[in-house]
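Here's a quick briefing to read alongside the model. Have the structure open and follow the topics in order.

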Amino acid sequence: MTLEVDDLRVYYRTLKGDVQALDGVSFGVKDGEILGLAGESGCGKTTLGKALIRLDGRMKHVGGSVTLDDQVLPIGDDVKMNPYRFKQVSLIPQYSMSAMNPTRKIGRMVRELLDSRKVKLDLDELHNRLDLVELPREVLGKYPIELSGGMKQRMVMVISTLLNPSLLIADEITSALDVSTQKAVVTTLKGFRDRGFVKSMLFITHDISLTNQLADTIMVMYAGKLAEKAPAGVVVNAPKHPYTQLLISSLPEVGVRYADKRLTGIPGNPPSLLNPVPGCRFRDRCPLAFDKCAEEPPPVEVEKDHVVACWKAA
Amino acid sequence: MRRYFGRKLLVYGLTFFMAVTVNWLVPRLMPGDPVASMLARARVAQPEAQEALRVYYNNLFGFDQPWWQQYLNSWGALFRGDFGISLWAFPTPVADLLTRAVPYSLALLIPSILISWVIGNRLGALAARRKVLDNTVLPVSYVLTATPYLWLAALMAWGFGIVWGIFPVAGGYSFSMTPSFTWPFFVDLLWHWVLPFASLFLVALGGWAIGMRNVIIYELESDYANYLSALGAPQKLIRRYAFRNAVLPQITGLALQLGVLVAGALVTEIVFSYPGLGSLILAAIQNKDFFLLQGAFLFIVLGVLIANFIIDVIYVIVDPRTRVGMAGASA
Amino acid sequence: MTTTTVEPLRPPVRWEALYFALRNTKLLVGMGIILILLGIGVIGPFFIDKPPSEYVGMQMQPPSGEFWLGTNTFGQDLWAQFVHGLRTTFLVGALGGGIAAVIGMAIGFLAGYKGGWIDEILTMFTNVVLVLPTLAVLFILNAYIGVRGAGMQALFIGLTQWPWAARSIRAQTFSLRSRDFVDLARLSGVGSGRIIMREIAPNMSSYLLLTFILLFGGSILIASSLDFIGLGPTDAVSLGLMLQQAHQWSAMHLGLWWWFIPPGAGITLIVGALYVANVGLDEVFNPKLREL
């Protein structure tokens, strides 16, 4: 196991109280595994991604642990977390288009970033990786504004993986791209994994069909909790959790990207996470809900590598 | 590049054109014979001077000519450097009075603007996102920026000049001195310069500190700062980048604030009877010397436009994006 | 995106703003100071039976129970002048700031909403006025007009102060112009004027309020400079005029600190309180600035 997350709880502080955005999630990612993380907005997937690398100012680590390569990550401590960032855990952010300092030439920025982390820049390796993503080496002498959107995206992917992190978090990196570019990004990420640039990957997206092209395993989250986790093919073809089933069936056809309308088929809204009622959080929208659902369903491994948190599935 | 500067120069050209036109138009909009009424209101003692001025100005205004001719004449006079003759300091030409005063004004303005800008930016950057410092720098800055220039000048003149008697409170140099390139005169000059400079500097400082603090907070929340934080870059590097980028809007701010800063310098000069343009303008207003006033106006407009252009050039040098964008546009 | 939707059950914006407004120290302190000074300026003159320029007694008296702020070299009551001066200063600030805000809005809305050549021309015009050193323009205008009222002064200040407001309102309008609700209104055949008044202006009302407050403070500072240089209202007392007279009659050299300190402090207090209230309001309207 590269990554092990155990009962992780991360809350958002708001003026009205704590929003339980991530409320006891456990899972593992194996060496070389790409885990796709899917779910609708507000399900906690972005919170999870942030929790693994850098909590933002309003988030607080309430409980649970994260273990990466047998080291417990101090995720609640921004300063102590620093040595792990970039070297062990790295991030390709949602905002690749604006992730680079606009007033520094890219090469200089990379060098300054590495210097600040006391790492020597291996220029040959950097050139190799630029070649790999088909970026001309001259980009290092350019300002970000001189690059096209796709070039910026690839440049950020190269920077983020330059130190061969154990875990790479890719947070909604494809949502702003057109279909062909999405495919290219997915291929590149796979290539990074196959060449060993990254040991494991967490690919966060709301687009299940895209996840299916890349991920070995898909984890579906709902309202801050794990709903279902299984090999990609199983989640797509034989999901057990009613939420996953609805999510998949609301797609016109898996593989066709039409996921923007993913939830029109599920009536109702996710519950408030401010003071969530105990029990299954999906039960208000669930067609199969019954009395037992007033108790919280524990995640159960129904088959090998197939975890479902639902009384009906167990 | 050419397009950028072309646009800027067009604006500056239009501004100057408008200033000259306003200057030409305002006296003509006043009821009655402007020359006569001006001379009547002016306090010119000698009758022969009165007559000489009347002839001179009737010629200058050229009321027997059609209005467009008058207008063109005024441009002609301007290009000859002829701003007329001062009524207050008759018969000194206005241009002479102004060129004598300008060095004093610049000696106050340039250092106070530049130093307050540099230190204010440093201070604001330091205060941003640091609770204790922020809670002291920010309130002080707000008080400073809300203070009228003239009042802080008066307070400092009173405190340091009159109560404690450390610095002189009036003039550009001591009455006993004659201007010369000697060491004692220079020291005397500097001694008289300290208070007006300090009061200008302080008021301007507050504004820059507030501006920088707000911009840098914005920069620290920007995507590139978040990305660097996620990659574990130390705060030092992130702050350095943020500061570098926050300086850019502050340069634009400098251009926008020039008018206010010049105005502040004018009233500060008046408080300290400093022999710059401000004191000249006060004399012109008190003595109804409109030619002097209008000349001073054109000088100030011209100065501000030149300064704006210099700032534009600096901006292009400092912000790579403008250069890159321009290179792309011209290629 | 994900993070904002995590907060459900938000109260209506209006109530929420009020909720935060009542808990924002900056806003409360700033507004408090302004209201107290405004109260003195509005109500104060009714309790002073003599006009502020009347010679009421001993000359150069320091502050006392009888003359709260003392008297000047002519034996005028400085408290009476201060109270009347506050009134004029507020009037010039509000009127000047208001006029500038109206012009700035008109030009900003029009340029930002219409775009095209109208935008080009208006922006060019705005930039021209922006680089003109306004105080110098005001010198010329005011100097030629012999008799000046406070209203006239405010008008001229308003006429020269608007450019930065127009610029920022234009930018805001520009970003609102292509929003769905504006498109919808346009498609249903609503006229430009109505769209601006009904759809765009209400959506940036908080921003407009902040702009007005800054213009208000700026107008007071400019007016004080004009007063000081001898181009103030000829028919009223203002805080700036008090400073001008104090300077003209050498109050500093005579040690009459009570002549020039209170009016300057009054201006600083008003403008400072306006700025601080502005920051507070910004925090109220802008959730990102709120501290948790």
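Is Glu283(C) buried or exposed? Glu283(C) counts as buried, at 15% relative accessibility, where buried means under 20% relative accessible area, exposed means over 50% and partly exposed is anything in between (1.4 Å probe, protein chains only).

Before going further, some ground rules. This is a predicted model, so local features need pLDDT of at least 70 and side-chain atom pairs count only at pLDDT 80 or more, while totals for chains, interfaces and linings use all residues. Residues are numbered from 1 along each chain as its sequence is written, chains are lettered from A and ligands numbered from 1 in the order in which they are written, and side-chain values use heavy atoms, with hydrogens and water left out.

**Chain C as a whole**

- Chain C has 14 helices and zero strands, taking helices (H or I, at least four residues) and strands (E, at least two) as DSSP runs numbered from the N terminus.
- Along the sequence, that reads α-α-α-α-α-α-α-α-α-α-α-α-α-α.
- Chain C has 292 residues, and 53% of them count as buried.
- Take the contacts in chain C between residues at least 6 apart in sequence: 72% of these join residues at least 24 apart, a contact being heavy atoms within 4.5 Å.
- The accessible surface of chain C is about 13,200 Å², with 66% of it belonging to carbon and sulfur atoms; areas come from the Shrake-Rupley method with a 1.4 Å probe, and for residues only the protein chains shown count as cover.
- Chain C carries 17 positive and 16 negative charges, and their mean positions sit 9 Å apart. Lys and Arg count as positive and Asp and Glu as negative, with His and the chain ends not counted; each charge is placed at NZ of Lys, CZ of Arg, CG of Asp or CD of Glu.

**Salt bridges within chains**

- Over all chains, the structure holds 29 salt bridges, each being a side-chain nitrogen of Lys or Arg within 4 Å of a carboxyl oxygen of Asp or Glu.
- Back to Glu283(C): its salt-bridge partner is Lys26(C), with the closest N and O atoms 2.8 Å apart. The pair ties together distant parts of the chain, with Lys26(C) in helix H3 (residues 25–43) of chain C and Glu283(C) in helix H14 (residues 257–285) of chain C, 257 residues apart. Lys26(C) is partly exposed, at 31% relative accessible area.
- In chain A, Arg193(A) and Asp194(A) meet through their side chains in a salt bridge (3.0 Å, N to O). Arg193(A) counts as buried at 16% relative accessibility, whereas Asp194(A) is exposed at 58%.
- Lys304(A) and Asp305(A) also form a salt bridge, their closest N and O atoms being 3.3 Å apart. Here Asp305(A) is partly exposed at 32%, and Lys304(A) is exposed at 69%.
- A network of salt bridges links Asp7(A), Arg9(A), Asp23(A), Lys225(A), Arg281(A) and Glu296(A).

**Where chain B meets chain C**

- This contact takes 49 residues from chain B and 46 residues from chain C.
- About 4,200 Å² is buried between the two, with carbon and sulfur atoms giving 81%; buried area is the accessible area (1.4 Å probe) that two parts lose on being put together, summed over both.
- On the chain B side, Leu150(B), Trp151(B) and Trp158(B) lose the most area to chain C, together 14% of what that side buries.
- One salt bridge is found across this interface. Glu120(C) forms a salt bridge with Arg7(B), the closest N and O atoms lying 3.2 Å apart.

**Where chain B meets chain A**

- Here the contact takes 22 residues from chain B and 27 residues from chain A.
- The area buried is about 2,200 Å², and carbon and sulfur atoms give 62% of it.
- Arg240(B) forms a salt bridge with Glu112(A), with 3.2 Å between the closest N and O atoms.

**A buried threonine in chain A**

- Thr211(A) lies in helix H7 (residues 208–214) of chain A and is buried, with a relative accessible area of 0%.
- Beyond its neighbours within four places in sequence, Thr211(A) is in contact with Gly36(A), Leu37(A), Phe203(A), Thr205(A) and Ile218(A).
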